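Visitor: I would like to learn how to read a protein model. Please take me through it one feature at a time.

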Amino acid sequence: MTDYTPIQQYPAPQAAPPRNGLGTAGFVLGLVGLVFSPIPLVGVVAWPLAVLGLILSAVGIARVRSGKATNKGLAIAGAVVSLLALVVSILWLVVIGKAISDVNEQATQHHTIVYEVSGDAKAADIDYSTFDRNTILINTEASAPVPWTKTVEATGFLAGAQFTATTGPDGGSVTCKVVVDGKEAKTATAAGPSAVASCTGF
């Protein structure tokens with residue numbers, strides 16, 4: 001009688017599960033960074049999210065190439081949205097930097113302002129702005145003879161400055177004109193009793 005030794009069968013080794021986590025995380029971070037990147041102030045957080053998303057997506061793509069992951073499309077999409085978020089963040093940085101530079105330049109810029117009133121009215125009540133550091137002051141000259149002129153110096157922003165000429169009860173016409181740094185900024189004409197020529201908002 002012959003004895004047969006049973007052949008022992010071993011189960012086939014199971015394949016390691018795909019390591020898709022980093023590619024997926026890179027896509028999520030890149031997408032969140034892309035959403036935040038165009039938002040002023042909030043977009044600051046898009047920088048680290050986009051950079052981290054790009055790194056994780058690159059690692060995810062490397063894992064796909066080595067056969068350790070299967071989410072190639074998602075990892076590539078993560079790299080793309082992370083790059084877009086980075087580009088938008090850089091553009092915003094350039095825009096904000098230019099705006100800050102312009103504001104600083106305007107805040108320190110010196111201006112020479114010439115106010116002029118002309119016309120056939122004998123006199124006019126004139127309101128005009130002068131500037132004291134960051135403060136705009138309104139000055140009034142009642143029944144000022146026409147023609148009339150005044151030169152003032154200013155540093156910084158001119159927003160909110162006023163200049164008006166109002167005829168008296170006898171009427172007539174008045175024309176106001178503002179010249180800023182040698183260039184005519186605004187002019188207006190009014191005629192009749194108590195008529196107002198306004199050059200405000202130059």
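Visitor: Is Lys 150 buried, partly exposed or exposed?

Guide: Before that, a note on the model: it is predicted, local features need pLDDT of at least 70, side-chain atom pairs count only at pLDDT 80 or more, and totals for chains, interfaces and linings use all residues. Residues are numbered from 1 along each chain as its sequence is written, and side-chain values use heavy atoms, with hydrogens and water left out. Buried means under 20% relative accessible area, exposed over 50%, and partly exposed in between (1.4 Å probe, protein chains only). Lys 150 has a relative accessible area of 29%, so this residue is partly exposed.

Visitor: With which residue does Lys 150 form a salt bridge?

Guide: Side chains of opposite charge can pair when their charged atoms come close. The rule for a salt bridge is a side-chain nitrogen of Lys or Arg within 4 Å of a carboxyl oxygen of Asp or Glu. Lys 150 pairs with Glu 141, and their closest N and O atoms are 3.5 Å apart. Glu 141 is partly exposed, at 22% relative accessibility.

Visitor: How many salt bridges does the structure hold?

Guide: There are two. Glu 116 and Lys 177 form a salt bridge in which the closest N and O atoms are 3.5 Å apart. This pair links distant parts of the chain, since Glu 116 is in strand β1 (residues 110–118) and Lys 177 in strand β6, 61 residues apart. As for the labels, helices (H or I, at least four residues) and strands (E, at least two) are DSSP runs, numbered from the N terminus. Glu 116 is partly exposed at 30% relative accessible area, and Lys 177 is partly exposed at 27%.

Visitor: Which residues form the disulfide?

Guide: A disulfide is a covalent bond between the sulfur atoms of two cysteines. The cut-off is a pair of cysteine sulfur atoms within 2.5 Å. By this rule the count is one disulfide. Cys 176 and Cys 199 form the link, with sulfur atoms 2.1 Å apart. Cys 176 lies in strand β6 (residues 173–180) and Cys 199 in the segment after β8 (196–198), so the pair ties together parts 23 residues apart in sequence. The link is right-handed, with 90° about the S-S bond, and both cysteines are buried.

Visitor: What is the order of the strands in the open sheet?

Guide: Two strands pair if DSSP finds at least two bridges between them. The open sheet of four strands has the order β3-β2-β5-β8, with antiparallel pairing. β3 and β8 stand at the edges with a single partner strand each, so one side of each has no neighbour in the sheet. Within the sheet, five bridges join β2 (residues 123–132) to β5 (residues 163–167). Asp 127 stands opposite Thr 164 in β5.

Visitor: Which peptide bond is cis?

Guide: The bond from Val 146 to Pro 147 is cis, with omega near 10°. Pro 147 sits in the loop between β3 (135–145) and β4 (148–155).

Visitor: What is the phi of Ser 143?

Guide: Ser 143 has a positive phi of about 50°, although this residue is not a glycine. Ser 143 is in strand β3 and is exposed, with a relative accessible area of 53%. Ser 194, also not a glycine, has a positive phi near 55°. Ser 194 is in the loop between β7 (183–191) and β8.
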